[in-house]
Amino acid sequence: AITSHKVGELQPLRYPEDVEPFIGRWFHSLPRKGEELVKQIAQRPGLQQASTVPLILAFYCIVGGSDTPLPEFRRDLYTMVLNRMLTGRWRGSADFQADVGNCLRTLRAWAWSAAVSDPDSGIGKWADDFPVHGVQLCEADEMALDHVATPISPVHVDTGKTLRRFIHRAIREHLVAEHVASLPLDEAVEALLPHLWYDPDWEYSAAAALAMHSEHDQLVRNLICRATYSKEFSGELSAVDPGGEFRRLLARVADESSETDWSPEVAKAIGQARLELAMSGRSS
């Protein structure tokens with residue numbers, strides 16, 4: 001039998017050997033924009049490392065096709081990409097005017113409803129495909145949603161649900177993080193607490209949610225207190241985090257925020273977590 005599909009594994013790119021030709025081909029009809037993006041990445045070492053991830057490089061090209069500087073944090077990059085996908089501008093077109101805010105609220109609700117956990121272990125088990133009820137939206141909003149969460153089945157005749165799939169898992173993880181970041185402080189603690197240890201589905205989502213939450217400093221404090229059964233916040237985690245999972249979380253939080261975003265006490269705990277991981281040879 002002849003198979004029509006093959007599964008491949010994307011390999012990391014090399015900078016600049018692979019990255020710059022990729023950008024050149026992306027902007028083959030707009031070479032000046034491509035040159036500006038290449039220059040911007042060359043001037044920022046952090047972007048050079050990130051650009052070796054094929055998905056991130058594609059997102060750089062989507063955002064870098066405008067005159068907007070590339071953001072420092074991945075969470076901001078995803079937000080900018082979503083805005084472009086929902087308005088059609090990533091295709092170089094603005095033929096429809098979707099209500100971006102309404103679309104984002106819908107997408108966050110879908111992502112959160114599909115971010116289920118195993119009832120026994122509490123560990124996330126996010127299926128690629130998820131069913132959602134039809135939404136009463138204008139044609140432009142429906143088209144915009146299809147750009148991000150693509151329908152892969154017709155409406156079920158009995159349930160009225162459509163099976164959808166996010167165009168990439170990273171987008172889904174970001175939408176989950178945005179949902180958690182929008183929750184009141186106590187609800188955000190309860191949402192994050194079960195996923196702080198050994199839960200790959202939540203590695204980015206938990207860190208990004210902590211960085212984005214309007215009360216992020218207090219959220220970190222409350223989480224550490226709950227996780228360590230303490231009444232008072234302490235940045236000394238080595239005694240209560242032998243596996244290093246909580247410290248790896250804080251190291252990922254550092255990747256999504258600046259030291260000045262935090263109070264001195266929390267910033268010290270994050271810095272200490274990164275130092276201890278580096279000294280132990282563990283990666284974040």
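Helices in this report are DSSP runs of H or I with at least four residues, numbered from the N terminus. Met 212 lies in one of these, helix H10. The model described here is predicted.

## Met 212 and its surroundings

With a relative accessibility of 23%, Met 212 counts as partly exposed, because that class lies between the limit of under 20% for buried and that of over 50% for exposed. Leaving aside residues up to four places away in sequence, Met 212 touches Arg 75, His 174, Ala 177, Glu 178 and Ala 181. Pro 151 stands 61 residues from Met 212 along the chain, and the C-alpha atoms of the two are separated by 29 Å.

## Packing of helices H4 and H5

Two packed helices are described by the angle between their axes and the distance between the axes. Helix H4, residues 54-64, packs with helix H5, residues 74-87, at an angle of about 55 degrees, and the axes are 10 Å apart. This angle makes H4 oblique to H5. The crossing in which H4 passes H5 is left-handed.

On the H4 side, the contact is made by Leu 55, Ile 56, Phe 59, Tyr 60, Ile 62 and Val 63. On the H5 side, Arg 74, Leu 77, Tyr 78, Met 80, Val 81 and Arg 84 take part. By class, the contact of H4 with H5 has 10 nonpolar residues, two charged residues and no polar ones.

## Packing of helices H9 and H11

Helix H9 and helix H11, the latter spanning residues 216-228, pack at an angle of about 50 degrees with their axes 10 Å apart. H9 is therefore oblique to H11. H9 and H11 cross in a right-handed sense.

In this contact, H9 contributes Leu 185, Ala 188, Val 189, Glu 190 and Leu 192. These residues meet Gln 218, Leu 219, Asn 222, Leu 223 and Arg 226 of H11. By class, the contact of H9 with H11 has six nonpolar, two polar and two charged residues.

## Aromatic pairs

The structure holds six aromatic pairs. A pair of aromatic rings is described by the distance of the centres and the angle of the planes. Two of the pairs are set out below.

| Pair | Distance of centres | Angle of planes | Geometry |
|---|---|---|---|
| Phe 59 and Tyr 78 | 5.6 Å | 90 degrees | edge-to-face |
| Trp 126 and Trp 202 | 5.8 Å | 75 degrees | edge-to-face |

Phe 59 belongs to helix H4 and Tyr 78 to helix H5, so their pair ties together parts that are 19 residues apart in sequence. Phe 59 counts as buried at 5% relative accessibility, and Tyr 78 counts as buried at 2%. Together with Tyr 204, Phe 59 and Tyr 78 form one aromatic cluster.

The tryptophan pair involves two loops: Trp 126 lies between helix H6 (100-114) and strand E1 (129-133), and Trp 202 between helix H9 (185-192) and helix H10 (203-212), so the pair ties together parts that are 76 residues apart in sequence. Both Trp 126 and Trp 202 are buried.

## Buried residues in other helices

Leu 47 is found in helix H3, residues 45-50. At 4% relative accessibility, Leu 47 counts as buried. Apart from residues up to four places away in sequence, Leu 47 touches Gln 40, Ile 41, Tyr 60, Leu 70 and Pro 71. Leu 47 and Leu 57 are 10 residues apart in sequence, and their C-alpha atoms are 9.2 Å apart in space.

Thr 106 has its place in helix H6 and counts as buried at 13% relative accessibility. Thr 106 touches Val 135 and Leu 145, not counting residues up to four places away in sequence.

Arg 252 is found in helix H12, residues 245-255. This arginine, Arg 252, is buried, with a relative accessible area of 15%. Arg 252 and Ile 270 are 18 residues apart along the chain, with 9.4 Å separating their C-alpha atoms.

## A cis peptide bond

Most peptide bonds are trans. Tyr 15 and Pro 16, however, are joined by a cis peptide bond with omega at about 0 degrees. Pro 16 is placed in the segment before helix H1 (19-26).

Definitions and conventions. Residues numbered from 1 in each chain as written. Predicted model: local features only at pLDDT ≥ 70, side-chain atom pairs only at ≥ 80, totals over all residues. Heavy atoms only, no water. Axes fitted to C-alpha atoms, helices over the stretch in contact; angles between N-to-C directions. Parallel < 35°, antiparallel > 145°, perpendicular 65-115°, else oblique. Left-handed = near helix turned anticlockwise from the far one by under 90°. Contact = heavy atoms within 4.5 Å. Nonpolar A, V, L, I, M, F, W, Y, C, P; charged D, E, K, R; others polar. Phe/Tyr/Trp six-rings, centres within 6.5 Å; stacked < 30°, edge-to-face > 60°. Buried < 20%, exposed > 50% of the residue type's maximum accessible area, 1.4 Å probe, protein only.
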